[in-house]
Amino acid sequence: MLHILWILIKFILIILGILLGLALLAVLLLLFCPVRYQARAVKETGSFKETELEARITWLFHVIGVRFCFHNGEGKLVVLFFGVSLETIKGWLKKLKGGRRKNSVSQTSRSKASQPEAHAAENFQDHAPKTEAVLLENNTAEPQTGKPSAEKQEENIKFASKSGLITRIWEILSKIIRFPGNLWNKVISIIKGIIEKIKNIKKTISGITDKLGWWKEFLTNERTKAAISLIWKDVKGLLHHVLPTKLEGDVTFGCDDPAITGTVLAVLGMTFPFHKNRIHVNSLFDGENQLTGNVFLKGRIYGIVLIKAAIEIYFNKNIKYVINRWKHKED
């Protein structure tokens with residue numbers, strides 16, 4: 001009995017060890033196996049539709065990858081697994097499923113052929129719709145209605161005109177009587193609105209001054225300065241790590257206006273610290289729009305560098321102080 005129990009415990013420990021080993025291997029791969037990327041762009045004519053672009057991202061020694069191609073104005077994204085696209089793998093699986101279905105269909109057809117077939121016939125009778133006679137009654141006799149006399153109609157018209165004139169005069173008099181009161185109320189409401197707007201302006205000005213004071217105190221604090229310097233240092237390190245390790249190319253460009261060409265050339269000069277003259281830029285001042293050339297780059301990203309920067313920022317006391325101050329800035 002003890003021997004069997006020991007075998008079970010040993011078997012469970014072996015499974016746990018394998019699982020822990022796989023988890024440790026996955027963590028090590030995520031941290032120390034880099035994600036590699038490379039891209040190439042070629043433009044030999046003036047049309048951007050004829051630009052050729054190819055980008056590739058791989059991980060785990062090219063086991064998993066993504067490739068994007070742009071050719072003849074059309075883009076295509078392909079996911080690769082062991083260098084084989086997922087579409088090809090799906091095609092293989094469909095072929096296997098299709099072969100299995102054909103076998104199952106042939107077996108079912110054979111079983112149905114052995115059984116007798118029965119056909120049932122149904123007769124439908126058409127029933128003619130029954131016609132009904134429609135009787136139309138023409139009422140030629142018009143109902144006689146009593147009409148009032150002409151004198152009564154004139155009296156009613158005169159009475160209605162007199163009553164309408166009286167109500168109109170009364171409305172005009174009531175408006176004249178109410179005009180001073182309405183004017184006074186309107187003036188009072190305008191004055192109150194102006195006073196409220198002045199109060200709101202004072203409140204906004206005082207709020208802006210309070211916020212400026214808070215921001216000045218917040219930014220001049222030594223702990224805030226230390227947190228900002230740490231974040232800037234980590235951001236620069238990440239940019240240096242993420243930027244391509246290999247970059248080369250040759251670009252020729254020109255614009256209609258030579259002044260625009262000079263401005264673009266000055267802006268490109270600011271990117272010199274990034275490519276360090278590994279991309280040769282040829283500028284044309286002949287007054288023609290032109291952009292041709294080719295660029296190739298590749299690089300890698302290690303997960304350990306990202307995790308290191310995240311841990312350094314997360315556990316820094318100055319960063320926590322800044323976050324706490326930011327959360328309670330309205331207090």
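Colleague: How many bridges join E3 to E4, and do they run parallel or antiparallel?

Modeller: This is a predicted model. In it, 8 bridges join E3 to E4, and the two strands run antiparallel. Phe68, for one, has Leu77 in E4 as its bridge partner.

Colleague: How many residues sit between the strands in that hairpin?

Modeller: The hairpin of E3 and E4 has 2 residues between the strands. Asn72 takes a positive phi there, near 55°.

Colleague: And what about E2 and E3, how many bridges join those?

Modeller: Strand E2, residues 52-59, is joined to strand E3, residues 64-71, by 7 bridges, and they run antiparallel. Leu53 stands opposite Phe70 in E3. E2 and E3 also form a hairpin, with 4 residues between them. Leu60 in that turn has a positive phi of about 65°.

Colleague: What is the strand order in the sheet?

Modeller: The order is E5-E4-E3-E2-E1-E8-E6-E7, in an open sheet of 8 strands with mixed pairing. The edge strands are E5 (84-85) and E7 (279-284), each pairing on one side only.

Colleague: Which residue stands opposite Val84 in E5?

Modeller: That is Phe81. E4, residues 74-81, is joined to E5 by 2 bridges, and these strands run antiparallel.

Colleague: New topic. Which residues form the positive surface patch?

Modeller: Lys90, Lys94, Lys97, Arg100 and Arg101 form it. Arg100 is found in helix H2, residues 86-113.

Colleague: Why does Arg100 count as exposed?

Modeller: Because its relative accessibility is 64%, and exposed means over 50%.

Notes:
Residues are numbered from 1 along each chain as its sequence is written. This is a predicted model: local features need pLDDT of at least 70, side-chain atom pairs count only at pLDDT 80 or more; totals for chains, interfaces and linings use all residues. Side-chain values use heavy atoms; hydrogens and water are left out. Two strands pair if DSSP finds at least two bridges between them. Patches are made of residues with over 30% relative accessible area and no salt bridge: like charges are joined within 9 Å, nonpolar side chains (Val, Leu, Ile, Met, Phe, Trp, Tyr) within 5 Å. Accessible areas come from the Shrake-Rupley method with a 1.4 Å probe; for residues, only the protein chains shown count as cover. A salt bridge is a side-chain nitrogen of Lys or Arg within 4 Å of a carboxyl oxygen of Asp or Glu. Lys and Arg count as positive and Asp and Glu as negative; His and the chain ends are not counted. The place of a charge is taken as NZ of Lys, CZ of Arg, CG of Asp or CD of Glu. Buried means under 20% relative accessible area, exposed over 50%, partly exposed in between (1.4 Å probe, protein chains only).
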